[in-house]
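Please look over the structure below.

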Amino acid sequence: MRVTRIFEDLQGHDSYGNLSQEEFVKLLARHKALLVRSDNDQASWSCDDFANFVEGIGLTRYEYVGGAAPRRLIPVKANVEVFTANEAPPDQLIPFHHELAQVADPPQYIFFYCDLPSETGGETALIDSTLVYRFVSEKYPDFMDKLKIHGARYKRTLPDEDDKDSPIGRSFYNAYQVDNKMDLEMKLDKIAGLEYEWQPDGSLTVITEPIPAVRMIEQQHNHAVYQWTFHNSVIAAFLGWQDSRNDRMNAVCFGNNEAMDSNILDDIAKFMDENKVSYQWKKGDVFALNNRLVMHSRNAFTGARRVFAAMFGDTVPSGEVKTDGTGQIVKDFSALNVSDPTTFGMWRLTNPEETVYNAIMAGYRRFDSACDYGNEEATGRGIRRAITEGIVTREDLYVTTKLWNTYHDEKHVPLALERCLKDLGLDYVDEFLIHFPISMEYVPFEDKYPPEWTNLEGKMKLVPNDINATWKAMEELVYSKKTKHIGVSNFNCQHLRQILSIANIRPTSLQIECHPHLSQEKLIRFAREAGIRVSAFSCLGGTSYISLNMATSDDLLFENAIIREICTKHNKTPAQVMLRWGIQRNTLPINKSSSRKRMDENRGVFDFYLTMEEMKSIDTLNLNRRYNDPGQFCEQGMGTFCPIYE
């Protein structure tokens, strides 16, 4: 089959054989909307072909409850429900909306099939919901804040029989899938916050409970999305919920019952219309839409038009057995799922106490610390200040610290964490990582802390050590509840194989240097296939290493032509583009700044996304260039040859 990425390359296509469930849903997570066609131009898909196609993907059935549009079921041989798309009169525009966004649990995926294209018009227009979110956030921030806080309520009066002359004429029996009023009332009474009233003519007015109107879409099938979406039917209700029973001006309000400014709604609708992607149907065409990320509409048309639809929830578990790089079955991939990928790094900060406090104020919740950074006492003070002032709770934060090279002996591992906890002023950390796969001579805490790279004689002294025993001591820290998770940093694939081969508690995290000059594609894949998430330090390249004489101005990525071109297209900074690149590669980029303005900018990465072509163009910048390489700086600075990546 031929697959076109509608938002990215409407004129081109990619050819595929039979895509697996996982492959197809990841395409929809990455590209949001796909046009799917038969490979054979002379033999377009029939409706049964369409039904067989969507059944084969393996998605959960979705019950069409709460929708406004009249629909008819279409008989197909496959075990899926195919029905007519909105059968509103052809002279009427169906405004942009996420399908069933006016209900608490809308479908995840929508598929459309064209059985007969119209003579003129009738395009199914699409718009990227994140694009709409960004427009509203930037132009009407107060309106957006109210949507985020209160959500939206929708008001609609439903007839007792389908009204085919109305775009919202679905009867209350069909809308709520009941046969009688008693069952309907029982169903409605179970929905907290919903209000309804029977009208003298037998129709039913329903005012929904407050429904979230803005959503952060985090991950889909272990693929990073992390985009805000204007996930609602606000504009559809405002423009389209008009008939003999309904007044569109009263169809929607904020979740606290406050009226929405009609001028703002008109402007949002205008923006949607100016930025939509319209596609003229051809017989046999299929649209596959990620309903979490895409809004759709229908243009008015002339002549006959038959477009059918199918909607689904999430995927049905495939039961596929997955193994890691040691051949072991991986049962738990939960470590790959985080609510917010942006992580604030504590390395080389001039005022860590104030900085970590400001970072929390800016919205950061993940913090990367280490014994070797030498500032954990100040870091802890900043964290405690934010907790004391009620800005966050301890449970809101995810704090990582690390085991230094001099404490690899199993009897020193718990002592090292105890010292980190004491300095941080915490009872536990969320994650404790082995900082380097380098074991060095023990330096007593009371003699030198942090010990850095040299012993008391000023020399870097490597010592033999069983890293397996180190890992077992790390596991004991989980059992003692001093840390919730354990992981590693600066490990390569073979280091990971060693740990995975003996681990009772598998590492949840791998932290590595990763930026456009060092993309580490194979290592990231290896870790994630083992259920290990990847955090990326130095994610903006060599900037922090210039003052250490470990990089030069020629290494800076901020002025790179490829990155600057992408910045111009998206109206984003080079840092935002590189952070977004890291996020879309399924890594958690660690960034830092002492400037509150830069902190806010570095978190402004959830209102745009990079196309496949943009991602690939940044990928071409890879030079396998390391800035933090013990194989170089240990010998140059301390006279000890210590390669770990070769």
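1. The second largest pocket has a volume of about 1,000 Å³. A pocket here is an open set of points on a 1 Å grid over the protein atoms alone, with protein on both sides within 12 Å along at least five of seven lines. Points are joined across faces, edges and corners, and the volume is the space filled by probe spheres set on them. The model is predicted: local features need pLDDT of at least 70, side-chain atom pairs count only at pLDDT 80 or more, and totals for chains, interfaces and linings use all residues. Residues are numbered from 1 along each chain as its sequence is written, and side-chain values use heavy atoms, with hydrogens and water left out.

2. Its lining holds 42 residues. Lining residues have an atom within 4 Å of a point. Trp-347, Arg-348, Ser-544, Tyr-545 and Lys-592 lie nearest the centre of this second largest pocket. H16, strand E29 (587–591), helix H17 (596–602) and helix H19 (630–638) each give at least two residues to its lining. Helices (H or I, at least four residues) and strands (E, at least two) are DSSP runs, numbered from the N terminus. By class, this lining has 17 nonpolar, 18 polar and seven charged residues. Nonpolar covers Ala, Val, Leu, Ile, Met, Phe, Trp, Tyr, Cys and Pro; charged covers Asp, Glu, Lys and Arg; the others, Gly among them, are polar.

3. The largest pocket comes to about 1,400 Å³. It is lined by 40 residues, and Lys-26, Arg-30, His-223, Gln-584 and Asn-586 lie nearest its centre. Which element supplies the largest share of this lining? H1 does, with seven residues. Helix H1 (21–31), strand E15 (223–229), helix H14 (521–529), H16 and H18 each supply at least two.

4. In general, an α-helix has 3.6 residues a turn, so residues three or four places apart point the same way.

5. The largest cavity has a volume of about 70 Å³. Its lining includes Arg-366, Asp-368, Glu-431 and Arg-533. Strand E23 (366–368), strand E24 (398–403), strand E27 (509–513) and strand E28 (533–537) each give two or more residues to that lining. E23 has the largest share, three residues. The lining divides into three nonpolar, five polar and four charged.

6. The whole structure holds 30 aromatic pairs. Rings of Phe, Tyr and Trp (its six-membered ring) pair if their centres lie within 6.5 Å; planes under 30 degrees apart count as stacked, over 60 as edge-to-face and the rest as tilted. The Trp-404 and Phe-436 rings have centres 6.0 Å apart and planes at 85 degrees, so the pair is edge-to-face. Trp-404 sits in the loop between E24 and helix H11 (413–424) and Phe-436 in the loop between strand E25 (429–434) and helix H12 (467–479), so the pair ties together parts that are 32 residues apart in sequence. Both Trp-404 and Phe-436 are buried. Elsewhere, Phe-24, Trp-45, Phe-53, Phe-111 and Phe-312 form one aromatic cluster.

7. A cis peptide bond joins Tyr-449 and Pro-450, with omega about -10 degrees. Pro-450 lies in the loop between E25 and H12. Gln-177 is not a glycine, yet has a positive phi of about 55 degrees. Asn-222 also has a positive phi, near 65 degrees, and lies in the loop between strand E14 (215–220) and E15.

Terms used
1 Å grid on protein atoms, 1.4 Å probe; cavity = no way out; pocket = protein on both sides within 12 Å on 5 of 7 lines; lining within 4 Å. Buried < 20%, exposed > 50% of the residue type's maximum accessible area, 1.4 Å probe, protein only.
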